[in-house]
Amino acid sequence: RQHPFSLFLVNPDGFGRINERFGPAAGDHVLREAVVQLLGALRADDLVVRYGAATFAVVLPGTSSAHASAVSEKVRRALSSTKFLGGLAPLTFSAGSATWQPGDAAPRDPVEVIQRADSALARAKSSGGNLTATWSHESDERSQLQLDRLGGVFTGDQNRDYRNLALLWDAL
């Protein structure tokens, strides 16, 4: 609560085409390649977790909004320029970031940071993809905060939520 933290979500645009064209085993290989790129572009203290089928969440402790935007853009560009499957599977990526600063009145809990990052990712995708978007109050006013597609795992029961998150987030 004394230091800022940022979260960004990164997701390949049109990933379903990889599975359709090359099969699920190749899709899994692409995701493993993406994780290698992700980990190589981040600090040792940053946390990367799988946050759904082909979406990865990156927690950036002690990171301001401006720095998180720069990092998420750097990562997105690196991933988008990667030659997956030996160049047979070109992909672009979209990213959405959100930051909590000490003293912020909102968000009231970490779930809101996830929802804000998801909203920014949805905005990047709906703008054509291959973009990085950062959540802000202004962008929230333009497009009401979207519900996180995976938000149904939060029940309000701390023990159950912990178990659900442990199942949901395959720590890398």
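The paragraphs below go through this predicted model from the whole chain down to single residues.

Residues are numbered from 1 along each chain as its sequence is written, and side-chain values use heavy atoms, with hydrogens and water left out. Because the model is predicted, local features need pLDDT of at least 70 and side-chain atom pairs count only at pLDDT 80 or more, while totals for chains, interfaces and linings use all residues.

The secondary structure of the chain consists of six helices and six strands. Helices (H or I, at least four residues) and strands (E, at least two) are DSSP runs, numbered from the N terminus. Read from the N terminus, the order of the elements is β-α-α-β-β-α-β-α-β-α-α-β. The chain has 172 residues, of which 44% count as buried. Buried means under 20% relative accessible area, exposed means over 50%, and partly exposed is in between (1.4 Å probe, protein chains only). The chain exposes about 9,300 Å², and carbon and sulfur atoms supply 53% of that area. Accessible areas come from the Shrake-Rupley method with a 1.4 Å probe; for residues, only the protein chains shown count as cover. Among contacts in the chain with a separation of 6 or more, 70% are between residues 24 or more positions apart. A contact means heavy atoms within 4.5 Å.

Among the buried residues are V113, I114, R116, D118 and L121. R116 also lies over the face of W135, at 3.9 Å from the ring centre. A charge sits over a ring if NZ of Lys or CZ of Arg is within 6 Å of the ring centre and within 35 degrees of the ring normal.

The structure holds four salt bridges. A salt bridge is a side-chain nitrogen of Lys or Arg within 4 Å of a carboxyl oxygen of Asp or Glu. One of them joins the side chains of D13 and K125, at 2.7 Å from N to O. This pair links distant parts of the chain: D13 is in the loop between β1 (5-12) and α1 (16-22), K125 is in helix α4, and the two are 112 residues apart. D13 is buried, with a relative accessible area of 10%, whereas K125 is partly exposed at 29%.

Another salt bridge is formed by R43 and D46, whose closest N and O atoms are 2.7 Å apart. R43 counts as partly exposed at 37% relative accessibility, and D46 is buried at 11%.

In helix α3 (residues 65-80), R77 and E73 lie four residues apart, about one turn of the helix. An α-helix has 3.6 residues a turn, so residues three or four places apart point the same way. The side chains of R77 and E73 meet in a salt bridge of 2.5 Å, N to O. R77 is exposed, with a relative accessible area of 54%, while E73 counts as buried at 19%. E73, R76 and R77 are linked in a network of salt bridges.

The structure also holds two aromatic pairs. The rings of F84 and F93 have their centres 5.9 Å apart and their planes at 40°, so this pair is tilted. Rings of Phe, Tyr and Trp (its six-membered ring) pair if their centres lie within 6.5 Å; planes under 30 degrees apart count as stacked, over 60 as edge-to-face and the rest as tilted. Both F84 and F93 are buried.

The last topic is the backbone. Most residues other than glycine have a negative phi, and most peptide bonds are trans. L85 is not a glycine, yet its phi is positive, about 50°. L85 is in the loop between α3 and β4 (93-100) and is buried, with a relative accessible area of 19%. N130 is not a glycine either and has a positive phi of about 55°. N130 lies in the loop between α4 and β5 (132-134) and is partly exposed, at 32%. Just after α4, G128 takes a positive phi of about 115°.
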